[in-house]
Amino acid sequence: MSRKYKEKLLTKYILEQKENYYRLAYSYVKNPDDALDIVQESIYKAMLALESLDDQVKIKSWFYRIVVNTALDFLRKQKKVTVLEEEKLDMLSAGQEDAYTDLDLELALEHLPTKYKQVIILRYFEDLKIEEVADILEENVNTIKTRLYRALNLLRNNLNTGQAQGVKG
Amino acid sequence: MDKELEELKQRYDEIPIPAELDVVVQQALKRSTPKRRRMNWLTGAAASALLLTTLVNTTPTIAQSLAGVPLIGSVIELITFREFVVDEGTYQANIQVPALRNLDNKLLESTLNEKYLAENKQLYEQFMAEMENIKVGGGGYLGIDSGYEIKTDTEQILAIGRYVVNTVGSSSTTFTYDTIDKQNELLITLPSLFKDEGYVKTISDNIKQQMREQMQTNGEKVYWVTDAGLEEEALIDTFESIAPAQNFYINADHKLVISFDKYEVAPGYMGVIEFVIPTEIIANDLVSHEYIK
């Protein structure tokens, strides 16, 4: 596979899926500016590392992996924990019942450790196959299956305690 | 659980896509610019102000990531709220917008923060407009560097100095200050320190005296002031008086410091100039010795 061909293929993927990559980056950093920076940096990194890619089938999960790693690097540097968005703050002040449910639900996800959160996002929100998730996170398929199972359990637990305590501040 | 996951996925899909994404992706693919030009203004001043008041004031985690500087003896913090960077060859802009956090006096906090944001936004927009003009005219150099420094940080006083350095051929520098009483969370203005307007003359006279003394003892110093041995042709626009709201701050020794921008009262090589006013000179004019000792 020539570099030119790989570059063409990667460009095509990026242009088609840029919104997915952006949302994925956003799910880690929770603000538009940093998410845009991560998308940008991921593209640079991918273009630089293109030589090392030898299997065109994997180009999709390969780029996902770069986005995930760039986002994780960013978080490590920033040492961010959880960040509430504006809209959620508005909900907090507006005090609507159904809004709280959404907030609980999202907080339950946010409170998961990153390694569990990201399998849920990749598998269910990005609609990737277990094999692809494994490829992106550089783990074997069984590890991802176990992790997904645990992630769902944890999420369920978070939701139940959230409702039991009535997380309404 | 399926219902919850579906709902979560829906929320995920609703993450808004910023209009900039296309440009960012295109530019990155072309590898044309090493740094993304950070145009962080969402939609004009209103949105920015909203962002500022809601995010900086109410979500500590956001501001934490922005290099917070906790100040002595208080929970008040000064952070870099936004940065605007243009890095395009001969066009260079580096604008850092400060913001205060954790003041109980929210009115003061938001007034200052909104001022910082609005003024820097204006700088940035001017820069972008000038850059386009210069590009149309065949190219050239344009640079702006704006930021802030903490001039004083004591138990009682916080003085923030904000500078703007314009570089078009030669450079010009301006400094503006905000002096805050940290204990009472008040913004201190120059007139508020004095009983009446008499201070303008008292301080002006003292500065002229200091200018003349400095010129006598140090041959390299030059101020645009009369009776200091300058030839008459040089005395076109001499320093006569400070403005009632002249740039000032209070330093850590409780002394009043009066500041002049580059070129304002002296040749350019003298840069930004500060005069420390001896407290005994203004003792009779001061309302109290609360701040100035």
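Colleague: Is B:Ser259 buried or exposed?

Modeller: This is a predicted model, so read every value as computed from it. Burial is judged by relative accessible area, and under 20% means buried. B:Ser259 has a relative accessible area of 0%, so B:Ser259 is buried.

Colleague: Where does B:Ser259 sit in the chain?

Modeller: B:Ser259 lies in strand E9 of chain B, which covers residues 256-260.

Colleague: What else is B:Ser259 in contact with?

Modeller: Set aside its neighbours within four places in sequence. Then B:Ser259 is in contact with B:Phe175, B:Tyr177, B:Gln246, B:Asn247, B:Val272, B:Ile273 and B:Glu274.

Colleague: Now the whole of chain B. How many helices and strands are there?

Modeller: Chain B has seven helices and 10 strands. Of its 293 residues, 46% are buried. Its accessible surface is about 14400 Å², and carbon and sulfur atoms hold 52% of that. Take the contacts with a separation of 6 or more: 56% of them link residues 24 or more positions apart.

Colleague: In which sense do E3(B) and E4(B) pair?

Modeller: Pairing is read from the bridges between two strands. E3 (residues 91-101) and E4 (residues 142-153) of chain B pair in the parallel sense, over five bridges. To find your place, B:Gln92 stands opposite B:Gly143 in E4(B).

Colleague: What is the handedness of the β-α-β unit made by E3(B), H5 and E4(B)?

Modeller: Point the strands away from you and follow the path over the helix; clockwise is right-handed. The unit of E3(B), helix H5 (residues 106-136) of chain B and E4(B) is left-handed.

Colleague: Which residues have the most contacts inside the largest nonpolar core?

Modeller: A core is a set of buried nonpolar residues joined through side-chain atoms. The largest has 62 residues, and A:Leu10, A:Leu24, A:Ile43 and A:Ile120 have the most contacts inside it. Helix H3 (residues 59-78) of chain A gives the most to this core, 11 residues. A second, separate core has 30 residues, including B:Leu190, B:Ala266, B:Leu286 and B:Ile292.

Colleague: And A:Leu24: what is it in contact with?

Modeller: Beyond neighbours within four places in sequence, the contacts of A:Leu24 include A:Tyr64, A:Val67, A:Ile121 and B:Tyr12.

Colleague: Which residues of H6(A) are buried?

Modeller: In helix H6 (residues 114-125) of chain A, the buried residues include A:Ile120, A:Ile121 and A:Phe125. After H6(A) comes A:Asp127, with a positive phi near 55°.

Definitions and conventions
Residues are numbered from 1 along each chain as its sequence is written. Chains are lettered from A and ligands numbered from 1 in the order in which they are written. This is a predicted model: local features need pLDDT of at least 70, side-chain atom pairs count only at pLDDT 80 or more; totals for chains, interfaces and linings use all residues. Side-chain values use heavy atoms; hydrogens and water are left out. Helices (H or I, at least four residues) and strands (E, at least two) are DSSP runs, numbered from the N terminus. Buried means under 20% relative accessible area, exposed over 50%, partly exposed in between (1.4 Å probe, protein chains only). Contact means heavy atoms within 4.5 Å. Accessible areas come from the Shrake-Rupley method with a 1.4 Å probe; for residues, only the protein chains shown count as cover. A nonpolar core is a set of buried Ala, Val, Leu, Ile, Met, Phe, Trp, Tyr and Cys residues joined through side-chain atoms within 4.5 Å.
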